[in-house]
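Student: I'd like to learn how to read salt bridges in a model. Could you walk me through some?

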Amino acid sequence: MRVEVGPDLDSFRTAARGLLARGVSPEQVVFTEEGSGQGSLLAPAVVPASAPVAGLSVPPAFLELAQKVSCHRSPERWGLLYRVLWRLTHGERKLLEVESDADVYRVLTLAKGVQRDAHKMKAFVRFRRVEREGEEFFIAWHRPEHFIVRYVAPFFARRFPSMRWSILTPDASVSWDLEQLTYGPGVPRSQAPEGDALEEMWGTYYASTFNPARLNVRAMRAEMPKKHWATLPETRLIPELVRQAPQRTSRMVSPKLELSESSRFLPEHQDLASLAQAAQGCRACPLHERATRTVFGEGPAGARLMLVGEQPGDQEDRVGKPFIGPAGQLLDTVLAAVGLEREQLYVTNAVKHFGWVEGEEKQRLHAKPGRSEVLACKGWLDAEVAQVRPKMILCLGATAAQAFLGTGFRINLSRGQIFETPWAKAWMATFHPSALLRMPDERARAQARIHFEADLRRAADTLRALG
């Protein structure tokens, strides 16, 4: 039996209800689309009419998936949706929870494809300003992978409610007249305007927000396929921005000349043992007043990898060794997992004294050091780097990273990226292990742990590549 449906979900829904009411199984029906020439409408004379199935209902999750899948370009989508619908209404009510099921997996795959395409349309549509009879209009042309115009159009109506605009695609078009959306047939790109005066302003803005330190050409091409470049004015700037990226990144990681109060406590002979002993008498910032002792770095001179954290914790302050508390135990576990031996690393902190506030039952709770404390202690960190001369520095947390690069560094933007710096051939920042331990959401904590381990694995690989 062949059933012809229109290109929208409502047409399929009407046909599917009739088929379910008549008890037509998926094996008995083949869906074709209007205009394909592969079938004809299901006539009442072919299958006797029957009353709708009493109490027929489907999970809301199926309706949400069907809305997306109906936009997919694959001709299998209608048969697939009906097969899943049949199973949901014939004893498999919780089918959608079984993601390993072949039908469910395929439905989810098609839905994700549409979702990605919708995301790209929202990101890549660029309006050009035109005037008609003294009125201002904005027109864009876009080539989506799937039939998503009706699915995405309400987003643009909400986003640009005070603009008269049209979005043209090869399959369909949509216009907004400040009151309602109107849909029409597809049009060729030749009917869209080529450019306007706003493009120069947009190009200036795009260039100013382009972060060379985050450049990943492969990822950029994956997220911004070249087929969309013709309608994206900023793509004309990309080759030059990519060419300039190494030089701009080098300027970003240049050392900043800032005086450190701890410099006046540095000993004449600056080997690691002398530095550690001199640091015990440091009074460069008020943190020493409440701390038990200075917690200096630990590890061999000449260590190839230096780990830099934020500041000592409660247990480190009591014992006098860096990273021995819960965060240190997590760090040791991940280091071992990626093949790094802590005994061969130099481990230290940007700030050498424990800053804390009193909590319940007189607990000493961590207090993040301010910029003044970080800068006051910078003399010790610089001296450690000069003595160890590591091949690579791995900063654990934003405070440690900003001790080198300043407060403009954002770990959420540049975590896991390798930089060549004046302090080491390779420099990278990742999460502080204590940040993972403090995350209240178990799923977020597990995801962060995956990224943390991946970053340390990359550090290990980088060390091997450096020789």
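Tutor: Happy to; we will go through the salt bridges and then the exposure of their partners. Keep in mind that this is a predicted model.

Student: How many salt bridges does the structure hold?

Tutor: There are 23 salt bridges. Take Arg106 and Glu76, whose side chains meet with an N to O distance of 2.6 Å. Arg106 belongs to helix 4 (residues 102-124), while Glu76 sits in the loop between helix 2 (60-69) and helix 3 (77-88), so this pair ties together parts 30 residues apart in sequence.

Student: Which residue does Arg87 meet in a salt bridge?

Tutor: Its partner is Glu92, at 2.9 Å from N to O. Arg87 is buried, with a relative accessible area of 17%, whereas Glu92 is partly exposed at 32%. Both also take part in a network of salt bridges that links them with Arg83, Asp101 and Asp103.

Student: What about Lys425: which residue forms a salt bridge with Lys425?

Tutor: That is Glu420, with the closest N and O atoms 3.3 Å apart. Glu420 counts as exposed, at 56% relative accessibility, and Lys425 as partly exposed, at 49%.

Note on methods: Residues numbered from 1 in each chain as written. Predicted model: local features only at pLDDT ≥ 70, side-chain atom pairs only at ≥ 80, totals over all residues. Heavy atoms only, no water. Salt bridge = Lys/Arg side-chain N within 4 Å of Asp/Glu carboxyl O. Helix = DSSP H or I, 4+ residues; strand = E, 2+ residues; numbered from the N terminus. Buried < 20%, exposed > 50% of the residue type's maximum accessible area, 1.4 Å probe, protein only.
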